[in-house]
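Please follow the sequence and the model below while the text moves from a sheet to helix contacts and then to the division into domains.

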Amino acid sequence: MSLLNLEQAERAELAAQVRENYEALKNKGLKLDLTRGKPSAEQLDLSADLLELPGANNYTDAAGNDLRNYGNLKGIMELRELWAKLTNTDADHVLAGDSSSLNIMFDLVSWSYVFGNNDSERPWSEEETVKWICPTPGYDRHFAISEHFGFEMISVPMLDDGPDVDAIRELVKDPQVKGMWLVPVFANPSGSVITKEKAEALAAMETAAPDFRIVWDNAYAVHTLTDEFPEVLPIVRMAEQAGNPNRFWAMSSTSKITLAGGGVGFFNSSAENLEWYLGHAGIRGIGPNKINQLAHYEFFGSAEGVRAVMRRHAALLAPKFQAVIDILEHRLGKYDVATWTEPKGGYFISLNVIDGTATRVWELAKDAGIVLTKAGSAFPHGEDERDHNIRLAPSLPPLEEVKTAMDGVATCVLLAALEKLEA
């Protein structure tokens with residue numbers, strides 16, 4: 001029953017009904033927001049006990065260090081060991097910082113730009129140009145960092161099993177290509193999970209730039225929507241075995257596990273990369289919030305303790321994601337006007353509509369009181385040449401609001417498609 005195959009009279013009848021539905025939608029006076037992947041209040045409540053930790057007179061680590069004082073740039077060992085078990089790496093290669101892994105990413109790029117990293121011949125600021133590989137659709141905040149420094153961003157397709165490695169292999173023959181963004185597990189916004197084979201290829205491939213880095217942002221490594229947790233690849237170890245020990249800057253954090261903005265960010269990399277990082281971090285500051293790190297360690301207790309918390313998150317998130325998928329299938333499946341991902345984890349669903357209509361869908365939804373992430377936001381400079389992708393973020397609103405919003409979005413997708421066909 002594709003719209004393209006409908007007889008003119010049938011299409012006109014459908015268009016009249018959809019326009020009537022849209023006017024009714026506008027008259028509801030909705031104020032709904034599906035823009036950003038924020039945890040809901042119910043999810044944040046799961047970490048309420050954290051606010052009482054580590055407790056009065058509890059301020060030393062296992063080695064007896066007073067965590068109220070300055071020092072220990074690498075963070076407390078207990079939490080680093082816990083996180084290493086959770087993310088399949090070695091504690092000596094993990095740094096526990098303050099709340100945001102995004103801040104660490106910015107520092108890494110910034111210091112490479114100003115000083116050059118430990119494999120650079122010169123600071124990136126002295127290069128004629130710096131090019132950065134951006135798998136798309138991808139994370140808008142990653143792209144914003146590249147844009148902030150004036151890097152030339154090169155899009156490559158993000159596929160179901162990870163980025164297009166063949167395309168990347170050709171691009172890194174250019175010595176001006178200095179880096180790449182990647183969310184390897186439950187990618188933002190597609191939910192893709194990279195295969196071991198593709199990860200091995202990225203670790204082993206030859207690059208013209210000796211200081212080429214891949215930001216391996218494992219933001220959703222344990223953010224399942226089911227009872228199953230994905231394999232976390234030991235990417236730093238894999239790179240070392242492939243002869244490129246410094247290739248990966250691996251990130252993760254507790255931001256969507258405990259309290260957003262009040263958690264712990266982690267940096268996992270080679271010993272040489274960590275030494276370079278700490279050389280600059282030690283000038284910038286005198287150590288992270290170790291009391292907060294101790295509180296998190298006591299709250300989790302173990303790697304399995306983290307997984308237990310994430311199962312409780314999944315119980316709250318999964319019904320919202322399923323509602324989005326069910327409504328899209330019920331309202332749009334028979335018309336062949338959209339496709340969407342069905343992720344097993346993460347925070348987003350990627351919706352692809354008819355080429356040339358995503359911006360119109362966004363406008364129609366906004367006029368009806370439903371705020372979506374702006375069309376094209378998952379592409380460098382916010383420019384989707386096909387104007388076909390919209391990122392959906394159902395985590396924050398209550399379930400009934402998600403259902404109401406998605407029913408409205410489906411109406412907007414249909415109306416935009418009909419308008420294009422009529423044009």
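This is a predicted model: local features need pLDDT of at least 70, side-chain atom pairs count only at pLDDT 80 or more; totals for chains, interfaces and linings use all residues.

Three strands make up an open sheet, ordered β10-β11-β13 and paired in the antiparallel sense, where two strands count as paired if DSSP finds at least two bridges between them, and where helices (H or I, at least four residues) and strands (E, at least two) are DSSP runs numbered from the N terminus. The edges are formed by β10 (338-340) and β13 (389-392), each of which pairs on one side only, and the twist from one strand to the next averages 20°. Strand β11 (residues 349-353) is joined to β13 by four bridges in the antiparallel sense, with S350 standing opposite R391 in β13.

Residues are numbered from 1 along each chain as its sequence is written, and side-chain values use heavy atoms, with hydrogens and water left out.

Two packed helices are described by the angle between their axes and the distance between the axes. The axes of helix α12 (residues 358-367) and helix α13 (residues 399-422) come within 9 Å and cross at roughly 130°; axes here are lines fitted to C-alpha atoms, for helices over the stretch in contact, and angles run from 0 to 180 degrees between N-to-C directions. The two helices α12 and α13 are therefore oblique to each other, given that angles under 35 degrees count as roughly parallel, over 145 as roughly antiparallel, 65 to 115 as roughly perpendicular and the rest as oblique. On the α12 side the contact (heavy atoms within 4.5 Å) is made by R360, V361, L364 and A365, and on the α13 side by C412, V413, L415, A416 and E419. These residues divide into seven nonpolar, no polar and two charged, with Ala, Val, Leu, Ile, Met, Phe, Trp, Tyr, Cys and Pro taken as nonpolar, Asp, Glu, Lys and Arg as charged, and the others, Gly among them, as polar.

Another helix pair is α3 (residues 77-86) and α11 (residues 303-332), whose axes come within 8 Å and cross at roughly 65°, which makes α3 roughly perpendicular to α11. Here L82, W83, K85 and L86 of α3 meet A303, V306 and R307 of α11, and the residues of this contact comprise five nonpolar, no polar and two charged.

The protein chain as a whole is divided into domain 1 (8-43 + 308-422) and domain 2 (65-301), with bounds that come from an automatic or database domain assignment. Their C-alpha centres lie 31 Å apart, and 27 residues of domain 1 are in contact with 30 residues of domain 2.
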